[in-house]
Amino acid sequence: MAESACEYKPGLEGIPAAQSSVSYVDGGKGVLEYRGINIEELAKNSTFLETAYLLIWGELPTTQELAKFEADIIEHRWIKYHIRDMMKCFPEGGHPMDALQASAAALGLFYSRRALDDPQYIYQAVVRILAKIPTMVAAFHQLRNGNDPVKPVGDLGYAGNFLYMLTEKKPEPLVARIFDVCLTLHAEHTINASTFAALVTASTLTDPYAVIASAVGTLAGPLHGGANEEVLAMLKEINSVENVRPFVEERIAKKEKIMGFGHRVYKVKDPRATILQSLAERLFDLIGFDNYYEIALELEKVVGEKLGHKGIYANVDFYSGLVYRRLGIPTDLFTPMFAIARVAGWLAHWKEQLSINRIYRPTQVYVGNHNIQYVAIQERNGR
Ligand code: CMC
C-alpha cells in the first residue's frame, strides 16, 4: 500500500510550485506577459536591459533609473584576470554551457560577501551577473579558438557589445537591435525547469552565483534550452524541402520528438516563435536569405498537419536558431545566448523568492520495499 495519499504527477504538471508576479502565460491563447505587459509590446518598444529592470524590480524604470542601470552594467562588464585565467584551463572542446556554468559558479568565489537582506547587495549582484555573463560566454569562445578575449566597449549597447566581443566587429545597428529583441523574448517564461532549479537553490539562501549556476546547468538539457541547437542539426539532416514530409512521418512512426515543437504550456504557436519568425525575415532582407528557411517553413506546415490536433506547434527555439545562424553565431553558443537572456528572469525570481522565502522541501511517493535483510558480500557473489 502507498505510504502517502498524495497523487504523484510526473514532471509536476499542473502543480503550482510558486506564487509569482513576474510573468504570465496563457498557453491556450498564446499570450505571454512580463509584469503584465504583453511580450509583443516589449519586443517592439523596449530594450533587453529595460525589460530586465522591469522583470527584476517590477516596474519600468524612469529615464534616470535606466541610465544608471545601463552605466553600472557597462562599468561591470569586465571580468577579473583570475576568471579569465581559470577559463584558459577549460578544455577547448568542452561545451560552452559547461564553461558558463563553471564560470558563473566561480563568481561566488570572488564576490563572497552575502547580504541577502541588503537592497544594495541585491542591486550589485544583479548588475554584476547581468554584466559579466555575456563577457564570460564571449571570452570562452575566443579562448577556445586560441585568441585573447575581446575587451568590452562602452559605446555599444548590451546586445551590440556582446556581438562585438564574439566577432571583434561592431554590428550594424539593425543587427544589434534584432539580437536585443531576441534577448527580450528569451528573458523570462514563468516557472520552467531552469527557473524552478533557480528557485530551489535560492530557497536555501545560498549566494546568487550558485543560483545562476544551477539554472544554467538545468537550461543546458536538450528538452529545455538545448533544443535550439538540435533544431539546426535537424534542419541540416533534412537537407531539402522534399525530405521534410518523409522525415516527419518517420519521426512520428518511431515516436521521436521533432525539435523546436511542442510545449508543456502552449497549445497554440508560441507567440515568441511568431515574433522571431518576422525578425528572421527582417534579417534575411538585410543580409541575405538562409537556405534552411524554406525547409523550416515546410516543416512547420507538415508538423501542423500531423500534430496540430495534439496542440503541438512551433516553440521559441524553432526560429531562434535560424536568426543566430544568420548572425554567424556558432551552433553551440545558441544555448549560452538563451542563458544570457534568461539570467534576467532567474534574477527576478531569485529576488521574489527572497522576499517570501521558505525552503523547498517537497514530498515523494515511496515505491520501494521495507524490512529487507542485509546480505553479506560473500553471499551476494553468485547472483
Ligand atoms: N514532436 C513530436 N511529438 C511531440 C513533441 C514533438 N516535439 N512534443 C510533444 N509530442 C507528443 C508526445 O510524443 C506525446 O504524445 P503521446 O501523448 O501520443 O504520447 C505528447 O505530445 C505529449 O508530449 P510530452 O513529452 O509528454 O509533453 P511535455 O509537456 O512533457 O513536453 C516538451 C514538452 C517541450 C519537453 C516536448 O514538447 C518536447 O520534447 N519538445 C521538443 C523539444 C523542444 O523543442 N524543447 C523546447 C521547449 S520550449 C523552450 C524551453 O522550454 O526551453
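The following legends describe close-up views of a predicted model.

Residues are numbered from 1 along each chain as its sequence is written. Because the model is predicted, local features need pLDDT of at least 70 and side-chain atom pairs count only at pLDDT 80 or more, whereas totals for chains, interfaces and linings use all residues, and side-chain values use heavy atoms, with hydrogens and water left out.

**View 1. The two domains of the chain.**
Domain 1 comprises residues 20-225 + 332-355, and domain 2 comprises residues 227-326. These bounds come from an automatic or database domain assignment. Taken over C-alpha atoms, the centres of domain 1 and domain 2 are 26 Å apart.

**View 2. The interface between domain 1 and domain 2.**
Contact, defined as heavy atoms within 4.5 Å, involves 31 residues of domain 1 and 27 residues of domain 2. About 2,400 Å² is buried between domain 1 and domain 2, and carbon and sulfur atoms give 70% of this area. In domain 1, the residues that lose the most area to domain 2 are Ile-178, Leu-185 and Phe-334, which together account for 26% of what that side buries. Buried area here is the accessible area (1.4 Å probe) that two parts lose on being put together, summed over both.

**View 3. Polar pairs and structural elements at the interface.**
A salt bridge requires a side-chain nitrogen of Lys or Arg within 4 Å of a carboxyl oxygen of Asp or Glu. The rule does find 7 residue pairs in polar contact across this interface, with both residues at pLDDT 80 or more. A polar contact is a pair of N or O atoms within 3.5 Å; within protein, one must be able to donate a hydrogen and the other to accept it, and residues adjacent in sequence count only if both atoms are side-chain atoms. On the side of domain 1 that touches domain 2, at least two residues each are supplied by β1 (23-26), β2 (31-34), α1 (39-45), α8 (173-186) and α16 (334-355). Helix α8 gives the most to this side, with 8 residues. Helices (H or I, at least four residues) and strands (E, at least two) are DSSP runs, numbered from the N terminus. By class, the side of domain 1 that touches domain 2 has 16 nonpolar, 10 polar and 5 charged residues. Ala, Val, Leu, Ile, Met, Phe, Trp, Tyr, Cys and Pro count as nonpolar, Asp, Glu, Lys and Arg as charged, and the others, Gly among them, as polar.

**View 4. The salt bridge of Arg-144 and Asp-332.**
Side chains of opposite charge can pair when their charged atoms come close. A search of the whole structure finds 18 salt bridges. In the one formed by Arg-144 and Asp-332, the closest N and O atoms are 2.6 Å apart. This pair links distant parts of the chain, 188 residues apart: Arg-144 is in helix α6 (residues 119-144), and Asp-332 is in the loop between α15 (316-326) and α16. Arg-144 counts as buried, at 15% relative accessibility, while Asp-332 is partly exposed, at 22%. Buried means under 20% relative accessible area, exposed over 50%, and partly exposed in between (1.4 Å probe, protein chains only).

**View 5. The salt bridge of Asp-180 and Arg-177.**
The closest N and O atoms of Asp-180 and Arg-177 are 3.6 Å apart in this salt bridge. The two residues are separated by about one helical turn, because they are 3 residues apart in helix α8. Asp-180 is buried, with 9% relative accessibility, and Arg-177 is partly exposed, with 26%.

**View 6. The salt bridge of Glu-249 and Lys-306.**
Glu-249 and Lys-306 form a salt bridge whose closest N and O atoms are 3.1 Å apart. Glu-249 in helix α12 (residues 244-253) and Lys-306 in helix α14 (residues 292-307) are 57 residues apart, and the pair links distant parts of the chain. Glu-249 is partly exposed at 37% relative accessibility, and Lys-306 is partly exposed at 28%. Salt bridges that share partners also join Glu-237, Arg-251 and Glu-256 into one network.

**View 7. The surroundings of Arg-326.**
Arg-326 is found in helix α15 and is partly exposed, with a relative accessible area of 24%. Leaving aside neighbours within four places in sequence, Arg-326 is in contact with Leu-283, Phe-284, Ile-287, Gly-288, Phe-289 and Asp-290.
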